[in-house]
Amino acid sequence: MKTPRILVTGAAGFVGSHTVDLLLAEGCQVMGVDDLSTGRMVNLRSASQSPHFRFVRADITGPAILDDLCSGFTPDAIIHLSGLVSVVRAQEEPDLNYRLNVHSTQLVAEAARRHGTRRVVFASSAAVYGDHPDLPLSESVFPHPISLYGTAKRASEELLLGHATSFGMETICLRYFNIFGPRQDPRSPYSGVISIFSERFAAGQPVTIFGDGSQTRDFVSVFDIARANVIAATRPGLSATVCNVCTGAPRRLLSVLDVFRSAYPEAPEPRFEGARPGEIQHSCGNPERATDRLGFRAEASFETALRDFIESTRPVPAPAEAPMLAVVR
Ligand code: UD1
């Protein structure tokens with residue numbers, strides 16, 4: 001069988017780098033592109049050792065960039081993961097949100113069409129649902145995003161599905177729920193709660209709980225997200241679709257906190273503050289469609305994946321000083 005050739009945009013980012021690692025482990029030829037505005041080369045340290053990986057530093061919205069990549073590499077599929085990830089920044093800079101989260105998708109879809117790449121996998125988000133009351137969220141409910149970020153993801157989904165209808169392309173939009181795992185940047189105030197907690201517990205600092213901690217989220221390991229991307233890009237015979245990537249099992253924030261506190265029993269008490277304005281209390285996806293249409297099911301046990309992540313971010317203790325040797329004269 002022919003070795004799959006996969007082009008990954010946003011390859012040096014949190015999700016991108018794990019996706020690249022898994023594609024290489026599965027024997028694919030991989031071309032990664034990233035402008036390194038938020039992605040980091042250190043995330044591709046292991047991938048860069050592989051003779052099957054090539055990396056190009058570029059902004060894919062630049063003139064002819066995607067055409068050059070597609071004509072040189074001739075990908076079988078494109079996994080489009082680059083974009084503006086901060087929901088807050090998307091709200092503050094709507095034009096930037098449009099360029100990075102909508103226009104870039106149109107450029108990817110058109111480059112794929114022109115170069116005969118039938119499969120495009122897209123990083124969509126649970127943000128397309130907005131504050132929908134019917135949980136768990138199924139793809140059949142009408143999306144009603146409440147942020148420009150969610151709106152842009154929704155617009156991108158429609159552009160890709162339009163390419164499927166018009167040109168027979170296999171465009172697969174994956175609605176990721178709350179992703180956690182290694183390589184997520186904890187420094188931004190808008191990072192995922194688990195990466196913020198891991199940094200603060202490791203530094204011996206108190207964490208802040210917004211609200212009473214009873215809120216729930218559908219946390220999904222980045223290793224599962226990478227697996228969903230790889231299946232969507234490489235499994236033969238898939239049709240265009242939109243699928244949640246989630247576990248279907250909501251977790252309370254206080255139970256997440258408990259896992260951290262058992263790993264760091266000496267940690268200071270958490271601080272409680274008012275809930276963040278406009279925030280939803282509960283979020284959970286229905287994972288059935290991804291299982292039916294892609295053959296994907298989240299495998300990582302939440303507690304095990306969270307404990308592994310906590311251990312991977314635990315500071316390494318400084319080596320004990322060597323005992324002084326008595327000088328014998
Ligand atoms: C996610 C997005 C957010 C977006 C929302 C709706 C991420 C990281 N955040 O938020 O930008 O507006 O979906 O699409 O993708 N929390 C604390 N303490 C902290 C940090 C967070 O208590 O230090 C709480 C939050 O208030 C929230 C929960 O933890 O209730 C999860 O927060 P977060 O990881 O930011 O995810 P979402 O709220 O789902």
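Helices (H or I, at least four residues) and strands (E, at least two) are taken here as DSSP runs, numbered from the N terminus. The expected span of a helix is 1.5 Å times one less than its number of residues. The model is a predicted one, in which local features need pLDDT of at least 70 and side-chain atom pairs count only at pLDDT 80 or more, while totals for chains, interfaces and linings use all residues. Residues are numbered from 1 along each chain as its sequence is written, and side-chain values use heavy atoms, with hydrogens and water left out.

**Helix α4**

Select residues 94–114, which form helix α4. Its 21 residues reach 29 Å from the first C-alpha to the last, close to the 30 Å expected at 1.5 Å a residue. Centre the view on H103, where α4 has a kink of about 35°; the bend at a residue is the angle between axes fitted to the seven residues ending there and the seven starting there. Following α4 is G116, whose phi is positive, near 75°.

Next, colour the buried residues of α4, among them L96, N101, T105 and A112. Buried means under 20% relative accessible area, exposed over 50%, and partly exposed in between (1.4 Å probe, protein chains only). Display also what covers these residues, including α2 (65–73), β4 (77–80), α3 (87–92), β5 (119–125) and α5 (148–167).

**Residue N97**

Within helix α4, select N97. Is N97 buried or exposed? With a relative accessible area of 4%, N97 is buried. Residues up to four places away in sequence aside, N97 touches L84, A90, V102, L148, Y149 and A152, where contact means heavy atoms within 4.5 Å.

**The ligand**

Now select the ligand and its shell of 16 residues, of which the closest are V193, T208, R217, R276 and E279. A residue counts as near if one of its heavy atoms lies within 4 Å. Both α6 (193–202) and β8 (208–210) supply at least two residues of this shell, and β8 gives the most, with three residues.

Finally, display these polar contacts (pairs of N or O atoms within 3.5 Å; within protein, one must be able to donate a hydrogen and the other to accept it, and residues adjacent in sequence count only if both atoms are side-chain atoms):

- V193: a backbone N or O atom lies 2.8 Å from a ligand oxygen atom.
- T208: a backbone N or O atom lies 2.7 Å from a ligand nitrogen atom.
- E279: a polar side-chain atom lies 2.5 Å from a ligand oxygen atom.
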